[in-house]
Amino acid sequence: MANFIDFTAQYADLVPARPIEHLGNTDLSFGGRIEPPLKIHEDGGEQGCGGKVWAAGELLCEYLIDKSDSDGFLSLSSQTLKAKGLYTNILELGSGTGLVGICAGFLARSRNIQARISTTDIDNLIELMSTNTKLNGLEKFVFPETLMWGEPLNPKFEADASNNIDLVLAADCVYLEAAFLLLEKTLLDLTEGEHPPTVLMSYTKRRKADKVFFRHIRKHFEVITVTDFDRYEHYKLKRTHLFHLVRLQ
Ligand SMILES: C[S@@+](CC[C@H](N)C(=O)[O-])C[C@H]1O[C@@H](n2cnc3c(N)ncnc32)[C@H](O)[C@@H]1O
């Protein structure tokens with residue numbers, strides 16, 4: 001782990017520092033659509049860039065909220081996503097504070113749906129994700145655990161596992177060139193098999209080098225830009241986008 005921290009520290013300046021908007025405990029209501037607002041503790045970047053909430057994470061929360069109505073939970077029946085019914089077994093990659101998974105857990109709980117959401121990241125962020133899960137009282141829905149990109153996948157996350165993952169979420173995970181191949185391997189491992197999960201990836205455009213990641217994954221995934229959500233224009237101005245990745249067979 002020490003090596004990984006050295007490795008990320010070396011590249012820390014690749015994610016331009018976000019102004020500290022909400023260091024400490026923040027309430028996030030997404031325009032009053034989540035009540036009571038989600039509580040997220042941010043560590044100001046103590047454990048790397050994951051200790052803060054990023055615009056791409058907020059976008060993904062807004063999308064999940066948009067696609068959940070009073071009795072439906074994430075029935076993503078938009079033009080770009082095939083209606084697959086409900087998504088109840090969810091995995092988030094590079095969760096950082098855990099915000100996106102916690103938002104999914106909140107939506108499931110408020111609709112009485114027994115979803116299981118695994119929020120994952122490097123070891124050092126498990127404590128922060130657990131704190132935030134507890135702050136929102138979502139311990140029965142959200143389960144923080146370590147998942148290092150590029151490492152062999154825990155068999156329970158494999159696409160052909162008995163209780164397979166049906167939705168993978170990734171917010172702002174394309175930012176570190178040295179990790180592109182690791183992230184690509186994990187995305188491939190997660191979508192191996194006959195019934196690959198839906199993959200939703202939000203992304204903030206910062207560097208030209210990011211093109212290398214997308215050029216690589218286009219060999220294995222159709223990358224569909226998702227535009228059918230309320231604040232699409234708002235996030236576009238922040239160079240923040242949402243993609244649906246469909247594994248090519
Ligand atoms: C820019 S932050 C995004 C955090 C959060 N998803 C958000 O949008 O607010 C990128 C996240 O990816 C995680 N990450 C980077 N490299 C990783 C790796 N090799 N394995 C697992 N997670 C990694 C970082 O620890 C960090 O939490």
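Leaving aside its neighbours within four places in sequence, which residues is E35 in contact with? E35 is in contact with S29 and F106, where contact means heavy atoms within 4.5 Å. The model is predicted, so local features need pLDDT of at least 70 and side-chain atom pairs count only at pLDDT 80 or more, while totals for chains, interfaces and linings use all residues. Residues are numbered from 1 along each chain as its sequence is written, and side-chain values use heavy atoms, with hydrogens and water left out.

**Loop between β1 and β2**
- E35 sits in the loop between β1 (24-28) and β2 (38-42); strands (E, at least two residues) and helices (H or I, at least four) are DSSP runs, numbered from the N terminus.
- E35 and F106 are 71 residues apart in sequence, and their C-alpha atoms are 9.6 Å apart in space.
- P36 is placed in the loop between β1 and β2, and the peptide bond from E35 to P36 is cis, with omega near -5°.

**Loop between β6 and α5**
- D172 lies in the loop between β6 (167-171) and α5 (180-190).
- D172 is a residue other than glycine with a positive phi, near 55°.
- Most residues other than glycine have a negative phi, and most peptide bonds are trans.

**Ligand surroundings**
- Around the ligand there are 19 residues, of which W54, G94, D121, A171 and Y175 come nearest; a residue counts as near if one of its heavy atoms lies within 4 Å.
- Polar contacts here are pairs of N or O atoms within 3.5 Å.
- A polar backbone atom of G94 is 2.8 Å from a nitrogen atom of the ligand.
- W149 places a backbone N or O atom 3.0 Å from a nitrogen atom of the ligand.
- D121 has a polar side-chain atom 2.6 Å from an oxygen atom of the ligand.

**Packing of α2 and α3**
- Helix α2 (residues 55-66) packs with helix α3 (residues 99-110) at an angle of about 15°, and their axes are 9 Å apart.
- Axes are lines fitted to C-alpha atoms, for helices over the stretch in contact, and angles run from 0 to 180 degrees between N-to-C directions.
- α2 and α3 are therefore roughly parallel to each other, a term for angles under 35 degrees.
- G57, E58, L60, C61, L64 and I65 of α2 meet L99, V100, C103, A104 and L107 of α3.
- The contact of α2 with α3 has nine nonpolar residues, one polar and one charged; Ala, Val, Leu, Ile, Met, Phe, Trp, Tyr, Cys and Pro count as nonpolar, Asp, Glu, Lys and Arg as charged, and the others, Gly among them, as polar.

**Packing of α5 and α6**
- The axes of α5 and helix α6 (residues 210-217) cross at roughly 30° and come within 10 Å.
- α5 and α6 are therefore roughly parallel to each other.
- F180, L181, L183, E184 and L187 in α5 meet D210, V212, F213, H216 and I217 in α6.
- By class, the contact of α5 with α6 divides into seven nonpolar, one polar and two charged residues.

Key: Angles under 35 degrees count as roughly parallel, over 145 as roughly antiparallel, 65 to 115 as roughly perpendicular and the rest as oblique. A polar contact is a pair of N or O atoms within 3.5 Å; within protein, one must be able to donate a hydrogen and the other to accept it, and residues adjacent in sequence count only if both atoms are side-chain atoms.
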